[in-house]
Amino acid sequence: MATTTVRPRTLATEPAPRAHKAPALRHLGPNWYASVMGTAIIANAGATLPYQLPGQRVACQVLWALSAVALAVLLTARAGHWLHHRDQARAHLLDPAVAPFYGCLSMALLAVGGGTLIVGKDLIGTGAAVAVDTVLFTAGTAIGLLAAVAVPYLMVVRHKVEPGQATPAWLLPLVAPMVSAAVGPLLIPHLPAGQPRETLLLACYAMFGISLLATLLMLPLVFGRLIVGGPLPLALTPTLFLVLGPLGQSTTAVNQLADVAPQSIGAPYAGALGAFAVVYGVPVMGFALLWLALSAAMLVRAARDGMGFAMTWWALTFPVGTCVTGAAGLARHTGLTAFAWLAAALFLALLTAWFVAAAHTLRGLTTGRLLAAPR
């Protein structure tokens, strides 16, 4: 009986698995820009508080520098993500849970750019600060307007979204133009008098309207989801604070714009815009405090149920920071001590949230858990 010799397959005849370059970047999503936003807002809010302590501005300069370095590192890492992991990057765009976080790129650029003119100028000079902010404001605004259109478009035509999937993260691409409206006024005094200043002023009000009206369309979906569907999953509970973003940022925007209106537009509009800052800002700040109380209660409930750390904890920073700057603007325009104390109290809450989120993020990076594949 003849025997048949079976040759074992060699490694040379088997197709080798394709290795990914820079594996640590594969799961680095756009949500990481929230850490830059949360760091930059402390510098911006702390430098504009009605109450200033010795060394406070220096601390704000350090935090602005930290946010600028973090932005540069993250931009480089995200570029590597798109270069080496395009399949994952496309998957993020087609994922309704991840795509809204592309609005964070715009807000990170705008927050660091605004901080450059608020405190960064102390370190690099006013001329360089204006140049840096001009670049970051232009890029951040363009990306923000693109995200405000592209992400809702994807949600309509590509994403398979159910009503029960609504989360406050859906607001992220819609808030980006409001951040432009809030930091744009910082550049107005550096423009030539006349039409350049008035053009930027009215462009900021237009972006204020874009974001506000889009938020008014989306927010009922989020609140309806909570009423009908019950609490969010534990890991998503901190995203409830994202609703504070358009509220606090719009209050900040109208107050910032009112500051520069007299040098940008003539009567009677300048006076009307100053009055609008108070007439709009006070009721919206009231609703922001109501939502803050509701979100805090839900956060305590989730913590009791065993909520662990996730990058969603950074939602406790930037949105609260916008309420700090909004309250500070109202204190400036009304002269009421109550708003000054409110800004200080919210700033202490912001600092606490930042230290907690930053500590857990550093620990997660050290262990590699935060860059691992999602389970």
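R332 is partly exposed, with a relative accessible area of 42%. Its side chain meets that of D259 in a salt bridge, at 2.7 Å from N to O. R332 sits in helix 10, residues 318–334, and D259 in helix 8, residues 244–260, so this pair ties together parts that are 73 residues apart in sequence. D259 is partly exposed too, at 32% relative accessible area.

Before I go on, please keep in mind that this is a predicted model. The mean pLDDT of the protein is 92, and 94% of the residues reach 70 or more. The part to set aside is residues 1–19, where pLDDT stays under 50. For that stretch the model has one contact beyond four places in sequence. Where pLDDT is low, the predicted coordinates should not be read in detail.

Staying with helix 10 for a moment, H333 is also found there. Which residues does H333 touch, leaving out those up to four places away in sequence? They are N255, A258, D259 and V278. H333 has a relative accessible area of 28%, which makes H333 partly exposed. For a sense of distance, the C-alpha atoms of H333 and L213 are separated by 25 Å, and these two residues are 120 apart along the chain.

Now to the other salt bridges.

D122 forms a salt bridge with R57, and the closest N and O atoms are 2.6 Å apart. D122 belongs to helix 4, residues 103–124, while R57 belongs to helix 2, residues 56–84, so the pair ties together parts that are 65 residues apart in sequence. On accessibility, D122 counts as partly exposed at 38%, and R57 is partly exposed at 31%.

The next pair is D87 and R26, whose side chains meet in a salt bridge at 2.8 Å, N to O. D87 lies in helix 3, residues 86–93, and R26 in the segment before helix 1, which covers 33–47, so the pair ties together parts 61 residues apart in sequence. Is R26 buried or exposed? R26 is buried, with a relative accessible area of 17%, because the cut-off for buried is under 20%. D87, at 40% relative accessibility, counts as partly exposed.

That is what I have on these pairs.

Methods:
Residues are numbered from 1 along each chain as its sequence is written. This is a predicted model: local features need pLDDT of at least 70, side-chain atom pairs count only at pLDDT 80 or more; totals for chains, interfaces and linings use all residues. Side-chain values use heavy atoms; hydrogens and water are left out. pLDDT is the predictor's confidence in each residue, from 0 to 100. Contact means heavy atoms within 4.5 Å. A salt bridge is a side-chain nitrogen of Lys or Arg within 4 Å of a carboxyl oxygen of Asp or Glu. Helices (H or I, at least four residues) and strands (E, at least two) are DSSP runs, numbered from the N terminus. Buried means under 20% relative accessible area, exposed over 50%, partly exposed in between (1.4 Å probe, protein chains only).
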